[in-house]
Amino acid sequence: MKDTIPISFLVLILILVPFLGCNNVHGSKSHHYRNSQVSSTRDIYSDSILKYIKYNYPTLALMHVNVVDGTGAVLKEDQTIVIKHGLFEAIGGPTEIKVPRNAKILDLKGKTIIPGIVGMHNHLHIPRFPDVGDVAAKLYLASGVTTIQTCGAASPNNEIALSNTIEKGMQIGPDIIPSAPFITGKGGNPNMIIPRNEKHLRDTMQHYINQGIKWFKVYRNTNPDDLKVIIDEAHKNNCKVRGHLCSITFEEATKWGIDGIEHGLNSTSDFRTDKTYGICNGGREYMDELIIENPKVKALQQLIIDNDVFLTSTLSIYEASIPNRAYADERTLKAMSPFLLNEYKERRDNFDKSIKDTIRNNRLKRIMQFEYQYYKMGGLLCAGVDAGRYVLPGFGDQRNYELLIEAGFSTPEAIQIMTGNGAKALERSNIGTIQEGKRANFVILNGSLEKDPTIIEKVETVFKNGVGYDPDSILETIEGQFAKE
Ligand SMILES: [Zn+2]
């Protein structure tokens with residue numbers, strides 16, 4: 001085997017040579033070649049990636065653009081932004097910023113830029129499909145999602161592998177922060193980790209920690225004593241624990257030191273009247289009478305905030321369970337596999353029979369109110385797609401934005417939830433906002449996002465580390481491909 005290494009290395013060089021010093025990926029004259037030598041790894045892409053790249057220049061200048069920067073600050077009009085070697089170098093008004101002579105200039109008048117979306121509940125699996133990573137990664141990137149935390153893995157090894165392949169520039173997709181498999185308890189999903197005893201639990205966690213995993217997720221049926229062990233083992237190893245809770249209340253998990261809570265109001269069992277300690281009772285009827293402004297709700301939220309626990313909003317997947325709302329759009333229908341399409345049609349037929357059922361509509365309103373109040377009280381609210389049903393990776397993240405606007409958030413607030421806050425929860429200070437010194441992960445949207453929230457779907461270009469990807473050419477390649485049997 002040894003002597004094959006130099007040969008394969010030679011082959012690699014031969015493959016790469018045509019691309020060295022050549023960034024004109026579309027072959028159009030308007031894209032200037034860079035004559036300089038390769039200056040960083042991001043200049044080395046395989047052919048399969050080059051076809052998606054629209055802009056790859058060492059220096060870029062965005063002119064006349066509206067910026068929602070992800071910090072929560074108001075939208076700034078007519079900004080000039082200089083990007084150098086994948087980082088934001090200078091940002092300011094048209095007279096404040098000097099544009100370098102060698103910069104590739106993009107005139108973005110009438111357009112909006114936002115930071116790359118940081119998807120905080122962005123699985124690489126969906127129900128019945130344990131690995132949709134390849135297509136999901138494309139959907140995420142094409143939709144403006146440049147970083148994801150997968151919040152529980154169904155195929156952990158594939159997740160780690162995909163994360164590495166993307167990092168090396170061999171495949172397109174968001175930066176992936178992978179997870180260990182879900183940990184649940186007795187009566188929980190048998191495909192997940194069900195701890196046999198404390199040693200088994202700690203050893204299993206170590207197995208994933210040794211592979212570089214930093215994120216653990218507990219799911220619904222977790223035993224209270226197990227959660228305490230999970231948090232202990234995770235924190236000792238500089239790792240984080242997130243929970244889709246049910247057997248354990250938000251209050252208990254918060255007091256025991258959990259780092260993040262998923263889904264918000266629709267997974268709290270704190271307000272149940274029939275709660276048994278350590279048992280997941282299921283059902284959501286407790287929500288129907290709950291008044292969100294009630295002091296007991298506020299006290300719980302204050303406790304969560306005081307303990308620095310972040311909350312992740314997943315509105316779009318909840319919406320997918322509401323008969324008079326659960327409609328897939330054109331592009332979603334195009335991307336879905338025949339299997340998913342059929343499933344969608346069957347579900348729609350059933351929904352049409354119960355179209356006047358308003359229970360879930362009212363629950364959605366309360367879920368929104370809960371999140372709005374938590375944010376306004378100073379809580380760290382993030383968002384993620386939790387893909388499933390017809391809610392696709394990326395498209396569902398965009399839908400979350402529209403639902404956050406419906407929940408009452410302003411444009412800068414909703415963008416902050418989807419970008420800067422996710423970065424904060426991930427403790428990644430180099431992404432999430434459009435600020436000098438940060439990585440140039442951002443999305444060009446074709447229109448005024450403040451005037452029309454659906455502009456979030458009009459992605460013109462997605463930049464990751466200063467390299468611009470063309471969403472249309474990405475989406476073309478995945479038609480009918482999502483969740484293929
Ligand atoms: Zn989930």
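**Parallel sheet, nonpolar core and positive phi angles**

Phe216 stands opposite Val241 in strand S11. The model is a predicted one, in which local features require pLDDT of at least 70 and side-chain atom pairs count only at pLDDT 80 or more, while totals for chains, interfaces and linings use all residues. Residues are numbered from 1 along each chain as its sequence is written.

Strand S11 (residues 240–244) runs parallel to S10, to which 5 bridges join it; strands (E, at least two residues) and helices (H or I, at least four) are DSSP runs numbered from the N terminus. Both belong to an open sheet of 5 strands in the order S10-S11-S12-S13-S14, with parallel pairing (at least two DSSP bridges between two strands). Strands S10 (215–219) and S14 (381–383) each have a single partner and stand at the edges, so one side of each lacks a neighbour in the sheet.

The largest nonpolar core holds 131 residues, of which Ile113, Leu139, Leu141, Ile230, Leu404, Leu445 and Phe482 touch the most other members. Helix H3 (residues 133–142) supplies the largest share, 7 residues. Such a core is a set of buried Ala, Val, Leu, Ile, Met, Phe, Trp, Tyr and Cys residues joined through C-beta atoms within 7 Å. A residue is buried with 20 or more other C-beta atoms within 10 Å of its own, exposed with 12 or fewer, and partly exposed in between, C-beta atoms being placed from the backbone.

Two non-glycine residues have positive phi. Arg220, with phi near 45°, lies in the loop between S10 and helix H6 (224–236) and is buried, with 21 other C-beta atoms within 10 Å. His64, with phi of about 55°, is found in strand S2 (residues 59–67) and counts as partly exposed because it has 15 C-beta neighbours inside 10 Å.
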